[in-house]
Amino acid sequence: MTSRKRPPTKLRAITIEPNYVNRDGSALFKFGDSAVVCSVNGPTEVKLRDEKVDKATIDVVFKPLVGLPGTKDKTHEYIIRSTVESVIKSNLYPRTLIQIVCQVMMDDGNILATAINATIFALMNAGVEMKDIAVAVACIVNQDGNILVDPKLREVEKAQSYHTFAFSKTTFGLLFGESTGLFTEKQYFECYALCKVAAQEIIDEIRVKIQSDFI
Amino acid sequence: MVKESDPSTNERELILSGIKESIRLDGRGMDDFRPLKITLGPEYGRSEVKLGATKVLAKVSCEVTRPFPDRPTEGILTLNTELSPMAFAGLESGRPSEEEVLVSRILEKAIRINRAVDVEGLCIVANELHPVDQRNPVPLSIHHTPICVTFAFFENGDLWVVDPSLKEEQIRRGDMTIAINNHKEICVLSKAGGIPLEMSTIIQCSRLAASKVEWVREKIQSAIVKASEAEKRKTSREMIIDD
């Protein structure tokens, strides 16, 4: 079994590239080699049957790197939509559409968290009003019972359980959590605590990026 | 649904009057490409190509499958083209647009129907498959490499530009894409509708396309050299540290 040289709680290098594609807002977010590009169009015209009179319709498309979108990608779409719906002030944009497209550029583990972070940054880049910022991070419990934050693909493949969390920036409460595999209650709360610390790191990174680019 | 807005009458006239005087909106000559940037890697079978502000990501993947019963000595090559709303607002995901159909059709003709990839070489012998981390992958055997050049025609077909930008594509009256391989053979000539063209124009365009293809090929070669050097450095580094 390959053990990693990176400390178990250390994140891979974070890269953020705003305005990656020519849309209302877009961003590339990377954890090491794992990369997702997200683009945001909106608020824009909405199809009549999707129109909501009191708030914006949020549409999320998740495109995998290889092949046609499958069940897993549809789940990702649903997760991203429900996460951003809780942070976007959608009542400011009634009868409009906010269209979000996530494209996986490279999958080396932790892809859902990468996609959520890319989406949030693209929304900020598009100037969509939000009441909060969500940051996501994943971790695994490996066969030896050790917790590894921000796992690579080969670590995920051998994991006992896999957990993805999204936290709110202001309250640091849990916005979204998904776990698969077998784990104990104690392990779950340990994962939760470690990911929370890592999330703080991502927020710092995002803040530095915004300060260096816009201020 | 979101619509990409058509250029206004003023924009249309500006671009057209420019082309009449051999001036393009972005300062290029009539037969100039936009700057081309090709990036390969960091994993096998992945490339990102930027032509001006147009970006395309291509990924080659493989899996073990059973060949078609009537062609037991050939592997299967499938091409999949996707234009998401990220590229072009107004595209509905799930339903291919006309543009997407045309693009995938040209790719299909240039690569699969032209037999650019050796599909017989894709066959494997039972029990002779090795994971990537045990043996270095063998490069795909490629017979020839067709490269596409697109032209846009204006007015009655006398005015034309190479590598049209989005705005130019929106006001063109006809277009033509030529794919030429490394033996200077025309592999695909696609002219789907638009105004009729003079024979002499088509010959003139193919001559120019042949020289442009050489230019693109040089870019591809240097990208390959760069990527293989990076790969060598990476493998030597991975032996020391492995995060």
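User: In which order do the three strands of the open sheet in chain B lie?
Analyst: This is a predicted model. The sheet in chain B is open and its pairing is antiparallel. The strands β1 (36-40) and β3 (54-59) of chain B stand at its edges, and each has a single partner strand, so one side of each has no neighbour in the sheet. From one strand to the next the twist averages 15°. The order is β1-β2-β3.

User: Which residue of β2(B) is the bridge partner of Ile38(B)?
Analyst: The strands β1(B) and β2(B), the latter made of residues 46-51, run antiparallel and are joined by five bridges. In β2(B), the partner of Ile38(B) is Val49(B).

User: How many charged residues does the contact of α1(A) with α2(A) have?
Analyst: From α1(A) come His76(A), Ile79(A), Ile80(A), Thr83(A) and Val84(A). They meet Leu112(A), Ala115(A), Ile116(A), Thr119(A) and Leu123(A) of α2(A). By class there are seven nonpolar and three polar residues, and the number of charged ones is none.

User: Which residue in the hairpin of β8(A) and β9(A) takes a positive phi?
Analyst: Strands β8 (residues 161-168) and β9 (residues 174-181) of chain A pair in the antiparallel sense over seven bridges. Within this pair, Phe165(A) stands opposite Gly177(A). The hairpin has five residues between the strands, and the one with a positive phi near 60° is Phe172(A).

User: Is Ser22(B) buried or exposed?
Analyst: Ser22(B) lies in the loop between α1 (9-20) and β1 of chain B. Its C-alpha is 9.1 Å from that of Leu159(B), although the two are 137 residues apart in sequence. Ser22(B) has 11, so Ser22(B) is exposed.

User: How many residues of chain A are in contact with chain B?
Analyst: On the side of chain B that touches chain A, nine residues are nonpolar, three polar and six charged. These 18 residues of chain B are in contact with residues of chain A that number 22.

Conventions
Residues are numbered from 1 along each chain as its sequence is written. Chains are lettered from A and ligands numbered from 1 in the order in which they are written. This is a predicted model: local features need pLDDT of at least 70, side-chain atom pairs count only at pLDDT 80 or more; totals for chains, interfaces and linings use all residues. Two strands pair if DSSP finds at least two bridges between them. Helices (H or I, at least four residues) and strands (E, at least two) are DSSP runs, numbered from the N terminus. Axes are lines fitted to C-alpha atoms, for helices over the stretch in contact, and angles run from 0 to 180 degrees between N-to-C directions. Two residues are in contact if their C-beta atoms, placed from the backbone, lie within 7 Å. Ala, Val, Leu, Ile, Met, Phe, Trp, Tyr, Cys and Pro count as nonpolar, Asp, Glu, Lys and Arg as charged, and the others, Gly among them, as polar. A residue is buried if 20 or more other C-beta atoms lie within 10 Å of its own, exposed if 12 or fewer, and partly exposed in between; C-beta atoms are placed from the backbone.
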